[in-house]
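I opened this notebook page to record what I looked up, one topic at a time, with the sequence and the coordinates side by side.

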Amino acid sequence: MSVQLIIAQVLLMALGLLGVAAARPDLIVEHGWKTALALGITFLVARLRPKTFLKLGPPFWAFTLLLLILVLFIGKGTQESEATKRWLDFGGPFRFQPSELAKLGLIMMLASFFSRRGVQNKLLSATVMIVLTTVLVFAEPDLGSSVLMFGLGIILMYAAGVRISNITGFLLALGLMALPVFSRYLEKHPYILARWQGHQTRDEERAVGLDQIGFAHRDLTWGGWWGQGPDGKRYEYFAAHTDMVVASVGFTAGLLGVITLLFCYWLIVSVSLHASQLAARIRPMTSEIHGASILATGAMFMIVGQAMVNLAVAAGVFPVTGVPLPLVSFGFSSMLTMSVALGIIHSALREVRRSLPETAVQSAEVVDAGTEAVGQSAD
């Protein structure tokens, strides 16, 4: 297993515990055992070989589609938006968000598809898979997750080796076809447009009082360099332990905590891209190695792409989307799927290293040693 990935995951989860302790002390025990369980799941998933994920890709993706369809009929909304249908609630702890599993399903399906069939003349089939998954999430409605789902599909195409020109044409064609649909979508769900317009005018309205993003900015400012600790006095506001947990981390651990958080996501990107780079050295490239490379890149984007959206919301760049901060926010659906994604990256990296020629393995170990040295100096 990759030491860098383990360090990144443990640090992110520790920061999450600090953030939840500051925002919702009553939930810290629940968040603690869920964090420990998620970490154990990462170690279990990491023991599997990529061929297992590639084999399970089609049935697992089909299962997630069934869950997405099911949630449209019996799904539950949130307390703030009861008209939406995003959760399957079977009572007690059995409550989860199918769109989180669907991200894993799409990664495994496309990795399996491209590794078996190749990328030549396969754009239409892959497009159907991406669009079908995205549309079902879009219908909940969940605009933030559907945009991330679509972006994930594009990244997987690129990781598989689809030409940029083909991807560009695909985006243009889908964009033109989606315009009338998106217009009617906004008419049916006016709160989405209202939220965007409210975000554009929030600077003018802040003279009256702080909004959710304003509260988050205040907490980040009050945290200073080293933070106020989890028991520091602060005002309560909505989603301080979920969507805006980075503000709670900043208040508790200061700028140092936020920088550590960003460094952890950088480690995930670095290790995942390193796995893809090593896979490109293997000749001939087998379908399993090709699939492992796609899995690593897709799992990386699933984690870091969502993190960047969440941080952009907290910074005030995007309106509030309801996207949690991976491995940090309170909530087991996201914590579980992100931990599985990290296990997939561990598995892919181990498989690639196992298949490298002996000379390439030695050079890869030198690169890893250099990466660890950089990480130690940064700490």
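**Entry 1, Leu 327.** I began with Leu 327, which counts as buried because its relative accessibility is 1%, and I noted that the model I am reading is a predicted one. I placed Leu 327 in the loop between α12 and α13, the latter covering residues 332–355. When I checked its backbone, I found a positive phi of about 70°, although Leu 327 is not a glycine. I wrote this down because most residues other than glycine have a negative phi.

**Entry 2, overall make-up.** I then stepped back to the protein chain, where I counted 14 helices and 2 strands. Of its 379 residues, 51% count as buried. I also looked at contacts between residues at least 6 apart in sequence, and 73% of them join residues at least 24 apart.

I turned to α11, residues 245–279, and compared its span with that of a straight helix: 35 residues would span 51 Å at 1.5 Å a residue, yet the end C-alpha atoms of α11 are only 36 Å apart. Looking along the helix for a bend, I found one of about 130° at Ala 253. I also asked how many of the 35 residues of α11 are buried. The count is 25, so α11 is largely enclosed by the rest of the structure.

Leaving aside neighbours within four places in sequence, I listed its contacts as Gly 19, Ala 22, Ala 23, Arg 234 and Ala 240.

Which residues have the most contacts inside the largest nonpolar core? I found Phe 114, Tyr 265, Ile 268, Ile 303, Leu 325 and Ile 345, in a core of 88 residues. Beyond its neighbours within four places in sequence, Tyr 265 is in contact with Leu 12, Ile 303, Val 304, Ala 307, Leu 325, Pro 326 and Val 328. I also noted that the C-alpha atoms of Tyr 265 and Gly 305 are separated by 9.8 Å, although the two residues are 40 apart along the chain. For Ile 345, with neighbours within four places again set aside, the contacts are Leu 5, Ile 268, Val 271, Ser 272, Ala 296, Ala 299, Met 300 and Ile 303.

Moving on to Pro 284, I found it in the loop between α11 and α12. The peptide bond from Arg 283 to Pro 284 is cis, with omega near -5°. I marked this bond because most peptide bonds are trans.

Apart from neighbours within four places in sequence, Phe 150 is in contact with Ile 130, Thr 134, Phe 170, Leu 171 and Leu 174. Its C-alpha atom is separated by 10.0 Å from that of Leu 106, 44 residues away along the chain. Just after α6, I noted that Gly 161 takes a positive phi of about 110°.

The largest cavity holds about 40 Å³ of space, and its lining is made of Lys 103, Leu 148, Leu 152, Phe 301, Met 302 and Gln 306. The elements that give two or more residues to this lining are α6 (143–160) and α12 (287–315). Which element gives the most to the lining of the largest cavity? I found that α12 does, with 3 residues.

Notes: Residues numbered from 1 in each chain as written. Predicted model: local features only at pLDDT ≥ 70, side-chain atom pairs only at ≥ 80, totals over all residues. Heavy atoms only, no water. Helix = DSSP H or I, 4+ residues; strand = E, 2+ residues; numbered from the N terminus. Expected span 1.5 Å × (residues − 1). Bend = angle between axes of the 7 residues up to and from the residue. Buried < 20%, exposed > 50% of the residue type's maximum accessible area, 1.4 Å probe, protein only. Core = buried A, V, L, I, M, F, W, Y, C linked by side-chain atoms within 4.5 Å. Contact = heavy atoms within 4.5 Å. 1 Å grid on protein atoms, 1.4 Å probe; cavity = no way out; pocket = protein on both sides within 12 Å on 5 of 7 lines; lining within 4 Å. Points joined across faces, edges and corners; volume = space filled by probe spheres on them.
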